[in-house]
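Hi,

Here is the structure I said I would pass on.

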Amino acid sequence: MPNDVRDLPASNDGLYRFLGGSPLSVAFRLILLSILVGVVLAAIGFDPWNIVHSIRMLFQRLWDLGFDAVNWLWRYFLLGAVIVVPIWLLSRLFGAPRGR
């Protein structure tokens with residue numbers, strides 16, 4: 001097999017394989033992804049300079065939002081019950097008896 005020639009790996013082949021592409025394209029993708037994730041994190045209130053405080057505030061807001069949802073649900077329940085319960089009670093009192 002004297003005609004078999006092995007290609008030696010190029011010096012950048014390991015780097016390309018490690019990065020998953022050319023260094024310039026990988027850097028560009030990482031920059032775009034970082035900007036996108038930064039926008040999402042800023043939308044939910046994260047601050048890059050005080051990340052621990054931002055995480056604590058996120059959980060505090062989620063906790064408060066949960067109780068606000070319960071408060072909202074309770075208010076609508078009471079508002080609807082003011083109408084529904086008396087109508088139900090009147091229909092029970094004045095409704096015709098049903099045989100079994």
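In what order do the elements of the protein chain run from the N terminus on? They go α-α-α, and the count is three helices and zero strands. Helices (H or I, at least four residues) and strands (E, at least two) are DSSP runs here, numbered from the N terminus.

Some ground rules before the rest. This is a predicted model, in which local features need pLDDT of at least 70 and side-chain atom pairs count only at pLDDT 80 or more, while totals for chains, interfaces and linings use all residues. Residues are numbered from 1 along each chain as its sequence is written, and side-chain values use heavy atoms, with hydrogens and water left out.

On confidence: the protein chain has an average pLDDT (the predictor's confidence in each residue, from 0 to 100) of 80, and 84% of the residues score at least 70. Among the elements, the highest mean pLDDT belongs to helix α2 (residues 23–43) at 87, and the lowest to helix α1 (residues 13–19) at 82.

Now the surface. Of the 100 residues in the protein chain, 6% are buried; buried means under 20% relative accessible area, exposed over 50%, and partly exposed in between (1.4 Å probe, protein chains only). The chain exposes about 9700 Å², with 71% of that supplied by carbon and sulfur atoms. Those areas come from the Shrake-Rupley method with a 1.4 Å probe, and for residues only the protein chains shown count as cover.

Next, the aromatics. A search of the whole structure turns up three aromatic pairs. Rings of Phe, Tyr and Trp (its six-membered ring) pair if their centres lie within 6.5 Å; planes under 30 degrees apart count as stacked, over 60 as edge-to-face and the rest as tilted. W63 and F67 have ring centres 5.0 Å apart and planes at 65°, so this pair is edge-to-face. These two sit four residues apart in helix α3 (residues 51–94), which means about one helical turn between them. W63 is exposed, at 56% relative accessible area, while F67 is partly exposed at 49%.

Another pair is W74 and F77: their ring centres are 5.5 Å apart and their planes at 35°, so they count as tilted. W74 and F77 are three residues apart in helix α3, so about one helical turn separates them.

Cheers
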